[in-house]
Amino acid sequence: MGELPGIVINGASGRMGRMLARVVGESTKARLIGALERPGHDWIGQDVGHAMGEAEMGVTVSDDPLELVARAHAVIDFTAPAASVEMATLTAQARVVHVIGTTGFDDADLKRLTAAARHAVIVRAGNMSLGVNLLVQMTKKVAAALDEAFDIEIVEAHHNQKVDAPSGTALMLGEAAAEGRGVMLDRVADRGRDGITGRREQGHIGFAAIRGGDVVGEHDVIFAGAGERVILRHVATDRAIFARGALRAALWGQGKKPGEYDMIDVLGLSRE
């Protein structure tokens with residue numbers, strides 16, 4: 001009784017995996033009890049702190065998720081779609097909270113996550129930060145207030161190691177803008193322009209992706225009208241904001257009914 005929730009990090013060697021290990025390891029509200037990597041990874045069998053080149057943390061990196069998930073309260077997962085879907089099967093069987101920051105899922109992946117969420121809590125968000133989730137709500141409200149005389153463009157920038165575009169956050173913002181306008185994003189999205197494209201379609205939502213250096217994450221939602229622009233912006237300078245948000249989600253999910261949730265739920269923000 002009174003034991004702090006035990007957290008397992010899936011994909012411990014990744015950019016977010018390392019940050020999550022640090023944030024959970026330093027938390028006074030949770031315990032780091034496991035770190036997972038794919039079979040054959042050179043971190044397997046090492047202390048996760050030692051593998052990161054830091055002080056030992058008393059947690060050995062494993063390639064066996066079954067044993068760790070069985071004694072976890074939550075798994076935090078910033079990996080790849082296939083790995084996250086596979087993990088969701090295990091967390092559903094164990095009735096363990098699964099926090100997913102992975103992006104790039106296709107429709108088949110999302111259906112499998114929905115099936116898993118019938119048995120356990122899944123908190124999935126393209127971005128775990130408080131500021132970004134406030135931006136999502138603001139984007140919806142501004143899109144609803146400004147008609148199609150204002151063109152909507154979403155510009156995002158990330159580090160040169162990011163493998164998907166547009167970012168999950170950019171798509172969250174696009175969905176919010178489309179919802180505010182009462183349209184389906186997949187019918188109005190312009191996700192790539194090259195060559196002679198013709199004039200811009202009124203009512204469409206454009207996306208542009210910048211990749212370079214070590215940019216943590218920058219997102220602009222531009223509402224461009226005749227003679228004026230409204231620009232909503234979020235700049236992330238420290239990856240720890242996502243790790244802290246993910247840990248908050250893992251703790252929030254304890255005792256909740258099975259289902260699919262996001263950070264709007266975790267933060268108690270209004271969807272209106």
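Visitor: Is His-204 buried or exposed?
Guide: His-204 counts as buried, because its relative accessibility is 17% and buried means under 20%. Please note that this is a predicted model.

Visitor: Where is His-204 found?
Guide: His-204 is found in the loop between strand S8 (189-190) and S9.

Visitor: And which residues is His-204 in contact with?
Guide: Leaving aside neighbours within four places in sequence, His-204 is in contact with Ile-152, Arg-187, Val-188 and Asp-190.

Visitor: Ile-152, then. What is its bridge partner in S9?
Guide: In S9, the bridge partner of Ile-152 is Ile-205. In S10, Ile-152 stands opposite Phe-223.

Visitor: How many bridges join S7 to S9, and how many join S7 to S10?
Guide: Strand S7 is joined to strand S9 (residues 205-211) by 7 bridges, and these two run parallel. Another 7 bridges join S7 to strand S10 (residues 217-225), and that pair runs antiparallel.

Visitor: How many residues of S7 are buried?
Guide: Strand S7 (residues 151-158) is mostly covered, with 6 of its 8 residues buried.

Visitor: Changing topic: where is Leu-247, and is it buried or exposed?
Guide: Leu-247 lies in helix H9 (residues 240-252). Leu-247 is buried, since its relative accessible area is 8%.

Visitor: What is it in contact with?
Guide: Beyond its neighbours within four places in sequence, Leu-247 is in contact with Ile-7, Val-23, Val-24, Ser-27, Ala-30 and Ile-76.

Visitor: How far apart are Leu-247 and Val-99?
Guide: In sequence, Leu-247 and Val-99 are 148 residues apart; in space they are 8.4 Å apart, C-alpha to C-alpha.

Visitor: Now helix H4. What distance does it reach?
Guide: Helix H4 (residues 81-94) has 14 residues and reaches 20 Å from its first C-alpha to its last, close to the 20 Å expected at 1.5 Å a residue.

Visitor: Which residues of H4 are buried?
Guide: The buried residues of H4 are Ser-84, Val-85, Met-87, Ala-88, Leu-90, Thr-91 and Ala-92.

Visitor: What comes just after H4?
Guide: Just after H4, Arg-95 takes a positive phi of about 60°.

Visitor: Last topic, the surface. Which residues form a nonpolar patch there?
Guide: Leu-130, Leu-134 and Met-138 form a nonpolar patch on the surface, and together they have about 260 Å² of accessible area. Met-138 has its place in helix H6 (residues 130-145).

Visitor: Why does Met-138 count as partly exposed?
Guide: Met-138 counts as partly exposed because its relative accessible area is 41%, which is between the cut-offs of 20% and 50%.

Definitions and conventions
Residues numbered from 1 in each chain as written. Predicted model: local features only at pLDDT ≥ 70, side-chain atom pairs only at ≥ 80, totals over all residues. Heavy atoms only, no water. Patch = residues over 30% accessible without salt bridge, like charges linked within 9 Å, V, L, I, M, F, W, Y side chains within 5 Å. Areas by Shrake-Rupley, 256 points an atom, 1.4 Å probe, with all protein chains shown as cover. Salt bridge = Lys/Arg side-chain N within 4 Å of Asp/Glu carboxyl O. Helix = DSSP H or I, 4+ residues; strand = E, 2+ residues; numbered from the N terminus. Buried < 20%, exposed > 50% of the residue type's maximum accessible area, 1.4 Å probe, protein only. Pairing = 2+ DSSP bridges. Contact = heavy atoms within 4.5 Å. Expected span 1.5 Å × (residues − 1).
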